[in-house]
Amino acid sequence: MTSLVARALVSGTLAAVATTAAVAVAGRRTAGSYAAPVNATSHALWGETAEHENKFTFKYTATGLALNHGASVFWALFYEEFAGPRPSRKRALLGGALVSAVAYVVDYHLVPPRLTPGFETRLPRKALGATYAALAAGLCIRDLLKR
């Protein structure tokens with residue numbers, strides 16, 4: 001179990017970095033702010049005001065980063081369980097794509113609105129696709145590079 005958690009901390013952190021970069025770049029292009037979609041993630045704690053904040057702030061940005069990181073590690077647990085400790089490239093790619101697809105369905109079709117990632121309030125649908133592609137890539141990048 002410890003090995004699974006340790007692997008998930010690594011792949012989840014890589015996924016968090018990848019998704020944060022994706023939403024930040026998309027936020028800059030569409031909302032004029034790198035921080036806006038990251039801040040929106042903190043709506044789970046701070047309500048709608050987080051969805052409208054454009055500046056980097058400790059309250060919204062740090063909370064958004066922490067929530068995204070936690071969610072990424074959560075999804076990484078499923079990736080690591082599926083992929084195993086030494087996955088083939090095919091299994092790593094499949095695992096990343098599968099977990100990312102499930103994460104999207106859960107995030108936008110199963111959980112209540114207050115628990116969605118919040119990116120959808122600041123980004124167009126196309127950017128959400130890129131965000132979940134970044135999640136998939138982040139989850140499996142370590143395993144792809146090890147090979």
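Reply: E48 is exposed, with a relative accessible area of 57%; exposed means over 50% relative accessible area, buried means under 20%, and partly exposed lies in between (1.4 Å probe, protein chains only). This is a predicted model, in which local features need pLDDT of at least 70, side-chain atom pairs count only at pLDDT 80 or more, and totals for chains, interfaces and linings use all residues. Residues are numbered from 1 along each chain as its sequence is written, and side-chain values use heavy atoms, with hydrogens and water left out.

E48 belongs to the loop between α3 (43–46) and α4. Helices here are DSSP runs (H or I, at least four residues), as strands are runs of E of at least two, and both are numbered from the N terminus. Although E48 and T121 are 73 residues apart in sequence, their C-alpha atoms are 9.6 Å apart in space.

The part to examine closely is helix α4, which covers residues 58–83. K59 is found in this helix and is partly exposed, because its relative accessibility is 41%. A charge sits over a ring if NZ of Lys or CZ of Arg is within 6 Å of the ring centre and within 35 degrees of the ring normal.

A pair of aromatic rings is described by the distance of the centres and the angle of the planes. Rings of Phe, Tyr and Trp (its six-membered ring) pair if their centres lie within 6.5 Å; planes under 30 degrees apart count as stacked, over 60 as edge-to-face, and the rest as tilted. Six aromatic pairs are found in a search of the whole structure. One of them joins F74 and F78 edge-to-face, at 5.1 Å centre to centre and with 75° between the planes. With a relative accessible area of 10%, W75 is buried. Ring pairs therefore link F74, W75 and F78 into a cluster.

Helix α4 also has a packing partner, helix α5 (residues 89–110): the two pack at an angle of about 145°, with their axes 9 Å apart. Axes are lines fitted to C-alpha atoms, for helices over the stretch in contact, and angles run from 0 to 180 degrees between N-to-C directions. From the side of α4, the residues that meet α5 are W75, F78, Y79, F82 and A83. Their partners in α5 include R91, L94, L98, V102 and V106, contact meaning heavy atoms within 4.5 Å. By class, this contact has twelve nonpolar, two polar and two charged residues. Ala, Val, Leu, Ile, Met, Phe, Trp, Tyr, Cys and Pro count as nonpolar, Asp, Glu, Lys and Arg as charged, and the others, Gly among them, as polar. R91 also lies over the face of F82, at 4.2 Å from the ring centre.

The loop between α4 and α5 holds R86, which is exposed because its relative accessibility is 71%. R86 and D143 are 57 residues apart along the chain, and their C-alpha atoms are separated by 7.4 Å.
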